[in-house]
Amino acid sequence: DTTFLMHGREITLIDTAGIRRKSRVDYGVEAFSVVRSLKAISRADVVIMVLDAGEEITDQDQKIASKIEEAGKAAVIVMNKWDLITDRSSTTMNTFTELLKRELRSLSYAEVLFTSALNKLRVQKIIEAAERAFAESSRRVTTGLLNQIVNESVALSPPPASKRGKRLKVYYSTQVSTNPPTFILKVSDAKLMAKNYETYLERKLRESFGFVGAPLRIVARSKREP
């Protein structure tokens, strides 16, 4: 661990050994470094996932991304070795960003940075992005405003009817915690909350409040539950 001061705040970096592609892994020391990386994820407030601009996204990358999201961690994706890319225009950055959001769907909420450690390109911005992600993950939304957005979202696109013709009703919403921001929705029957509708509500919350860099948790609870 390395601790330093930045903007008056004490920050600790938990540096991990790079996780190599499976085809290059020598089990033993290498496997141990993977375990240490997973433990570092659990310790961190913000996880910075560093990828190589010259290599394709792999199944292993996707699994690590899933572990970060499952742990409820704020995140930043860093596409390093950007100096190796011939066309470094904003159009190319947008194309890479769309690819990352699609391939690393678990971290679609993360800000993407394009850096070159060799040329010291945008390296300073990594910590700044991490601070933004932490701030977003620590945010609270007032209950009144939250209910307004949820009610408007439900009115705009009502929940789909179940096979038995029943339709979910949302009565009340409240944010119960941060890191990650977690929202409880009191509903008629939690079993009627379809995954795609939960995804829709998450998208509407992000459109209204941002939460860039932070995973969100939406928990439906039946009205009869405590």
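## The second largest pocket

Which element gives the largest share of the lining of the second largest pocket? In this predicted model, that share comes from α6, which supplies six residues. The whole lining has 15 residues. Those nearest the centre of the pocket are Glu69, Ser108, Lys195, Thr199 and Glu202. The space in the pocket comes to about 400 Å³.

Two elements each give at least two residues to this lining: α6, spanning 195-209, and β8, spanning 217-222.

## The open sheet and its helices

Three strands make up an open sheet, arranged in the order β3-β4-β5, with parallel pairing. β3 and β5 are the edge strands, each of them pairing on one side only. On average, neighbouring strands in the sheet are turned by 25° against each other, with direction ignored. Between β4 and β5 the parallel pairing runs over four bridges. Met79 has Phe114 of β5 as its bridge partner.

Helix α2 packs on this sheet and touches β3 and β4. The direction of α2 makes about 170° with that of β3. Helix α3 lies across β3, β4 and β5, and runs at about 135° to β5.

In soluble globular proteins, nonpolar side chains tend to be buried together. Here the largest nonpolar core holds 24 residues, and Ile68 and Leu107 have the most contacts inside it. Five elements each supply at least two residues of this core: β3 (46-52), α2 (59-70), β4 (74-80), α3 (90-103) and β5 (111-114). Another core lies apart from it and has 21 residues, including Leu168, Val170, Val187 and Met193.

What does Ile68 touch, not counting residues up to four places away in sequence? The list consists of Ile41, Val47, Met49, Lys73, Ala75, Leu107 and Tyr109.

## The cavity

How many cavities of 30 Å³ or more are there? The count comes to one. The largest cavity has a volume of about 40 Å³. Its lining is made up of Ile149, Val150, Ser153, Leu185, Leu201, Lys204, Leu205 and Ile218. Two or more of the lining residues come from each of α5 (143-156) and α6. Helix α6 also supplies residues to the lining of the second largest pocket.

## Backbone exceptions

Most residues other than glycine have a negative phi, and most peptide bonds are trans. Several places in this model depart from that pattern. The peptide bond joining Asn179 and Pro180 is cis, with omega at about 5°. Pro180 sits in the loop between β6 (170-177) and β7 (182-187). Asn179 belongs to the loop between β6 and β7 as well, and has a positive phi of about 50° although it is not a glycine. Is Asn179 buried, partly exposed or exposed? Its relative accessibility is 37%, so Asn179 counts as partly exposed.

Lys120 also has a positive phi, near 55°, in a residue other than glycine. Lys120 is placed in the loop between β5 and α4 (124-137). With a relative accessibility of 69%, Lys120 counts as exposed, because the cut-off for exposed is over 50%.

Ser137 is located in helix α4. Its relative accessible area is 2%, so Ser137 is buried; the cut-off for buried is under 20%. Leaving aside neighbours within four places in sequence, Ser137 is in contact with Ala74, Thr178, Asn179, Pro180, Pro181 and Ala214. These contacts include Asn179 and Pro180, the two residues joined by the cis peptide bond.

Leu156 is found in helix α5. Is Leu156 buried or exposed? Leu156 is exposed, because its relative accessible area is 63%. With neighbours within four places in sequence left aside, Leu156 is in contact with Tyr200 and Lys204. Lys204 also belongs to the lining of the largest cavity.

Definitions and conventions. Residues are numbered from 1 along each chain as its sequence is written. This is a predicted model: local features need pLDDT of at least 70, side-chain atom pairs count only at pLDDT 80 or more; totals for chains, interfaces and linings use all residues. Side-chain values use heavy atoms; hydrogens and water are left out. A nonpolar core is a set of buried Ala, Val, Leu, Ile, Met, Phe, Trp, Tyr and Cys residues joined through side-chain atoms within 4.5 Å. Buried means under 20% relative accessible area, exposed over 50%, partly exposed in between (1.4 Å probe, protein chains only). Contact means heavy atoms within 4.5 Å. Two strands pair if DSSP finds at least two bridges between them. Axes are lines fitted to C-alpha atoms, for helices over the stretch in contact, and angles run from 0 to 180 degrees between N-to-C directions. On a 1 Å grid over the protein atoms alone, a cavity is a set of points where a 1.4 Å probe fits but cannot get out, and a pocket is an open set with protein on both sides within 12 Å along at least five of seven lines; lining residues have an atom within 4 Å of a point. Grid points are joined across faces, edges and corners, and a volume is the space filled by probe spheres set on the points.
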